[in-house]
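Welcome, and thank you for taking a look at this one with us. Please have the sequence and the model open side by side as you read.

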Amino acid sequence: YKLSVSPEMDIMEYCRKEWRGNTPAAKRIRKGYEAVALKFASIRRIRGDNYCAFRATLFQALSQATQLPRWLQSEDFTMLPENLLSKYDWIKQWQLRQKPGKRMGEISDEIKEYLILLRKKWKNISEIKGPLEKQEACDKLFKNEEEEYSLYEALKFLMLNTAIELYNADKSGRRVPVFSWLLFARDTSPNPCQLMHNHLNHIGHSGGLEQVEMFLLAYALQYTIQVYRLYKYSTDEFITLYPNDPEEDWPMVTLITEDDRHYNIPVRMCQETML
């Protein structure tokens with residue numbers, strides 16, 4: 001059994017263990033880790049199984065949560081599957097994890113359960129006052145495979161909902177963020193239906209999140225995702241924000257990647273940084 005989120009380890013110790021070589025690439029990554037170590041003391045490795053972007057983002061969001069986000073509080077939040085299905089018949093082809101071929105009537109109920117679970121876990125964890133107890137609750141949640149993967153299904157569905165909202169906004173002439181054009185400019189996702197078929201249905205199975213989908217995840221959660229992209233050290237893209245023009249009131253989570261495919265998380269902010 002693999003841990004979803006490994007215990008924390010000193011960030012430079014981790015770097016020395018993983019990046020011993022003297023190639024230009026290894027040197028750049030080491031420099032990147034040194035820069036991260038000015039802000040964070042430790043790193044926690046995230047299990048790599050094509051869900052790692054979800055896992056890293058959600059773990060960070062929950063471990064910092066002090067309240068339930070507004071969008072999770074809304075009355076019709078759990079009605080989302082029914083509401084979307086009544087308008088878009090093609091959502092019946094949504095691919096549930098390890099449950100191919102389920103009829104959408106059942107899938108609708110199941111996704112509703114996942115959304116309820118997401119709200120419940122977020123609420124419970126955000127109400128825990130002590131940082132240690134909060135961390136323990138997060139660790140416990142991410143050791144429960146059944147619940148953990150149910151939460152990722154909820155996130156995927158929220159991404160689909162956000163994509164539909166953006167697509168419709170653009171079609172009706174309202175302003176949309178630039179990434180939304182890029183998302184629907186791909187041959188494989190000219191509309192939300194194709195996005196579901198060719199991308200969202202595959203996340204966690206045969207692929208992870210692409211760059212443009214990191215923006216979509218950020219919008220779905222209304223969180224800014226800050227990523228240290230170590231292989232981009234000493235370029236403008238070393239620290240990338242999704243979205244790059246975040247809303248003032250969105251909370252921020254921080255991730256680390258060496259290759260834009262796998263994500264780990266930095267933890268334990270250095271004292272100076274906090275001040």
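Predicted model: local features only at pLDDT ≥ 70, side-chain atom pairs only at ≥ 80, totals over all residues.

## Helix H11 and its end

How many of the eleven residues of helix H11 are buried? Ten of them are, so the helix, which covers residues 211-221, is largely enclosed by the rest of the structure. The buried set consists of Val212, Glu213, Met214, Phe215, Leu216, Leu217, Ala218, Tyr219, Ala220 and Leu221.

## A look at Leu221

Leu221 is found in H11, and with a relative accessible area of 1% it is buried. Setting aside residues up to four places away in sequence, Leu221 touches Thr57, Trp71, Trp122 and Leu155.

## Aromatic pairs

A pair of aromatic rings is described by the distance of the centres and the angle of the planes. Searching the whole structure gives 19 aromatic pairs. One of them joins Tyr149 and Tyr152 in an edge-to-face arrangement, with 5.7 Å centre to centre and 90 degrees between the planes. Both tyrosines belong to helix H8 (residues 145-171), where they sit three residues apart, about one turn of the helix. Tyr149 and Tyr152 are both buried.

Is the pair of Phe179 and Phe215 stacked or edge-to-face? Their planes lie at 15 degrees and their ring centres are 5.4 Å apart, so the pair is stacked. This pair links distant parts of the chain, with Phe179 in helix H9 (residues 178-185) and Phe215 in helix H11, 36 residues apart. Phe179 and Phe215 are both buried. Ring pairs also tie Phe179 and Phe215 together with Tyr219, Tyr242 and Trp250 in a cluster.

## The annotated active site

Which residues carry the feature "active site" in UniProt? The record, an unreviewed entry, places it at Asp49, Cys52 and His262. These residues span 214 residues in sequence, yet no two of their C-alpha atoms are more than 8.9 Å apart, so they gather at one spot.

Cys52 lies in helix H3 (residues 52-64). Its relative accessibility is 6%, so Cys52 counts as buried. Not counting residues up to four places away in sequence, Cys52 touches Ile46, Arg47, Arg261, His262 and Tyr263. His262, for its part, is placed in the loop between strand S5 (252-257) and strand S6 (263-269). His262 is partly exposed, at a relative accessible area of 25%. Leaving aside neighbours within four places in sequence, the contacts of His262 are Ile46, Arg47, Gly48, Cys52, Ile256 and Thr257.

## Helices H1 and H2

Two packed helices are described by the angle between their axes and the distance between the axes. For helix H1 (residues 11-18) and helix H2 (residues 24-37), the axes come within 9 Å and cross at roughly 170 degrees. That makes H1 roughly antiparallel to H2, with angles over 145 degrees counting as such.

Which residues bring these two helices into contact? On the H1 side they are Ile11, Met12, Tyr14 and Cys15, and these meet Arg30, Tyr33, Glu34, Val36 and Ala37 in H2. By class, the contact of H1 with H2 has seven nonpolar residues, no polar ones and two charged.

Key
Residues numbered from 1 in each chain as written. Heavy atoms only, no water. Axes fitted to C-alpha atoms, helices over the stretch in contact; angles between N-to-C directions. Helix = DSSP H or I, 4+ residues; strand = E, 2+ residues; numbered from the N terminus. Parallel < 35°, antiparallel > 145°, perpendicular 65-115°, else oblique. Contact = heavy atoms within 4.5 Å. Nonpolar A, V, L, I, M, F, W, Y, C, P; charged D, E, K, R; others polar. Buried < 20%, exposed > 50% of the residue type's maximum accessible area, 1.4 Å probe, protein only. Phe/Tyr/Trp six-rings, centres within 6.5 Å; stacked < 30°, edge-to-face > 60°. UniProt positions renumbered as here; feature names shortened; annotations may be inferred.
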